Amino acid sequence: MGDLETIDEIVSLAKRRGFVFPSAEIYGGTGAIWDYGPLGAELKRNIKELWWQRFVRQQPSVVGVETAIITRREVLAASGHEGGFSDPLVECKECHDRFRHDHLMEGKYGNPKQNESGAYICPNCGGVLTEPKQFNLMFKTYMGPTEDSAALAYLRPETAQGIFTSFKLVSETSRLKLPFGIGQIGKAFRNEITPGNFIFRTREFEQCELEWFVAPDNIVGRRSANEPGQERTAHEWYDYWIQQSYQFYLDLGINQDKLRLREHDKDELSHYAKGATDVEYQFPFGWSELMGIAHRGNFDLTQHQEHSGKDLTYFDDLLAERYIPEVVEPSMGVERTLLTILVDAYERVTQKQENGRSVGEVVLHLHPALAPVKVAVLPLANKEGLPEIARQIYAELAAKWNVQYDATGSIGRRYRRQDEIGTPYCITVDFESKDDNAVTVRDRDTLAQERIKIGELTEYIRVKLS
Ligand code: ATP
């Protein structure tokens with residue numbers, strides 16, 4: 001599906017089944033901040049696990065950290081966020097709606113319109129818009145009992161700065177040799193002017209970021225003088241991480257036709273960046289960024305070295321000299337990835353299918369590794385020893401995976417409930433189970449049913465899930 005209705009249906013499914021809902025909903029919600037219910041929390045955790053596995057644990061020279069959210073002002077002054085992390089804001093003088101000036105000019109709210117005197121007008125009510133003003137996106141907070149400027153701090157707008165400020169300690173304690181990486185998963189906060197599209201642009205979100213430190217080109221050249229081509233240049237690493245990032249989404253089962261790479265034009269790049277490419281997905285509201293891969297040069301470490309007065313150089317024992325490494329950064333948004341996964345997996349049956357599915361049924365074709373519930377255990381009836389067998393199966397499987405036990409309603413309805421949340425396998429315990437010590441396993445996508453011996457069930461599911 002690809003229309004805007006899909007998003008509405010997903011928003012409603014997400015709320016109805018406990019994936020995602022407005023934060024503090026009983027008070028009317030909190031602007032563009034969402035809570036994740038039992039299924040959403042599992043799905044988010046699975047995404048983060050898979051990222052951590054791929055970008056941290058499986059990489060021979062990447063370590064992971066968890067740095068603080070509350071960030072002292074000096075850090076974000078050095079990184080350029082305090083002075084420059086802003087979007088141009090215009091406000092309607094009539095209805096006081098606010099818009100990002102650049103989005104307005106790009107036509108995100110329809111063709112930008114002007115009045116007779118040339119002033120741009122509000123896409124909602126036609127009122128005159130103010131001149132654009134820079135609006136800093138960081139959330140401020142105060143540490144300590146007084147709200148004076150000495151105690152000003154920010155909620156971090158990205159996780160990366162914690163990696164740069166701890167670079168020295170982490171690289172030395174882990175005895176890392178270039179090229180190496182430091183990864184982090186954590187919350188970030190941006191007071192977005194125009195949040196929206198459900199969880200696509202929110203004010204509180206999670207990022208998975210890897211800072212991959214490499215030797216500058218002139219050093220690579222000298223280091224590989226004896227064995228040319230042995231070491232990748234920063235630009236080659238940039239290409240490498242673009243491919244890794246794209247492949248990550250393919251491996252999550254995302255439809256390749258809806259994924260693309262978009263390289264930023266020169267005028268989109270920050271002044272220090274040497275390249276930036278986004279992985280984009282074709283959402284019902286258009287192609288949009290899921291992940292950004294940036295070649296940041298040595299900007300961040302140089303800035304922190306200058307502002308902190310601490311030596312942040314790396315000692316290259318091959319050349320016996322010190323220098324500041326360059327960095328390539330793949331940065332992924334967890335919620336955007338989650339939205340992509342839901343949109344991509346969502347199917348509402350529109351005509352009766354050969355496999356027996358009827359119109360209106362909803363199936364989430366989630367990759368098993370992502371599915372919040374891996375298996376559902378369903379006793380056909382609540383009598384004649386069936387619940388006892390089902391409970392035992394449940395206990396065995398629940399020791400390994402997130403498993404649901406559901407004994408209420410007709411079996412058809414129970415299957416539909418599981419299809420709707422993307423459970424890959426349903427196990428039905430029926431009246432024959434007592435005699436043949438076997439159960440029926442139903443596959444969500446093919447609807448094929450297989451009879452499996454209870455003693456072989458865990459291994460059967462393990463193989464299926466992997
Ligand atoms: P955009 O242009 O959409 O505002 P960005 O280029 O500012 O995004 P980055 O700073 O590169 O984003 O952040 C890296 C990743 O963090 C993005 O690819 C996205 O997945 C995620 N992200 C950034 N801002 C938000 C947000 N407000 N809500 C949810 N995810 C976000």
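Three domains divide this protein: domain 1 (4-84 + 139-342), domain 2 (86-136) and domain 3 (356-465). Keep in mind as you look around that the model is predicted. Domain 1 and domain 3 have C-alpha centres that lie 38 Å apart. Their contact takes 11 residues from domain 1 and nine residues from domain 3. If you look at the domain 1 side of that contact, helix H2 (residues 38-57) gives the most, with six residues. By class, this side of domain 1 has seven nonpolar, two polar and two charged residues.

From here, let us turn to the nonpolar cores. The largest one has 85 residues, and within it Val377, Ile393 and Ile427 have the most contacts. Both domain 1 (4-84 + 139-342) and domain 3 (356-465) supply at least three residues to this core. Another core, of eight residues, lies apart from it, and includes Phe164, Phe167, Leu312 and Ile324. In soluble globular proteins, nonpolar side chains tend to be buried together.

Setting aside neighbours within four places in sequence, isoleucine 427 is in contact with Val375, Ala376, Val377, Leu378, Ile393, Val439 and Val441. Two of these partners, Val377 and Ile393, are named with Ile427 among the core residues with the most contacts.

Now for the ligand. Which residues come nearest to it? Of the 16 residues around the ligand, they are Phe205, Gly292, Ser331, Gly333 and Arg336. Two or more residues of the shell come from each of strand E11 (204-214), strand E14 (286-295), strand E17 (326-333) and helix H11 (334-345). Strand E14 gives the most to this shell, with four residues. Sorted by class, the shell around the ligand has four nonpolar, five polar and seven charged residues.

Helix H11 deserves a stop of its own, as one of the elements that contribute to the ligand shell. Is H11 mostly covered or mostly open? The helix is mostly covered, with 12 of its 12 residues buried. Among the buried residues of H11 are the charged Glu335, Arg336 and Asp344, along with Val334, Leu338, Leu339, Ile341 and Leu342. Finally, a quick check on the geometry of H11: at 1.5 Å a residue, its 12 residues should span 16 Å, and because the end C-alpha atoms are 16 Å apart, the two values agree.

Technical notes:
Residues numbered from 1 in each chain as written. Predicted model: local features only at pLDDT ≥ 70, side-chain atom pairs only at ≥ 80, totals over all residues. Near = placed C-beta within 6 Å. Expected span 1.5 Å × (residues − 1). Buried ≥ 20, exposed ≤ 12 C-beta atoms within 10 Å, placed from the backbone. Core = buried A, V, L, I, M, F, W, Y, C linked by C-beta atoms within 7 Å. Domains from an automatic or database assignment. Contact = placed C-beta atoms within 7 Å.
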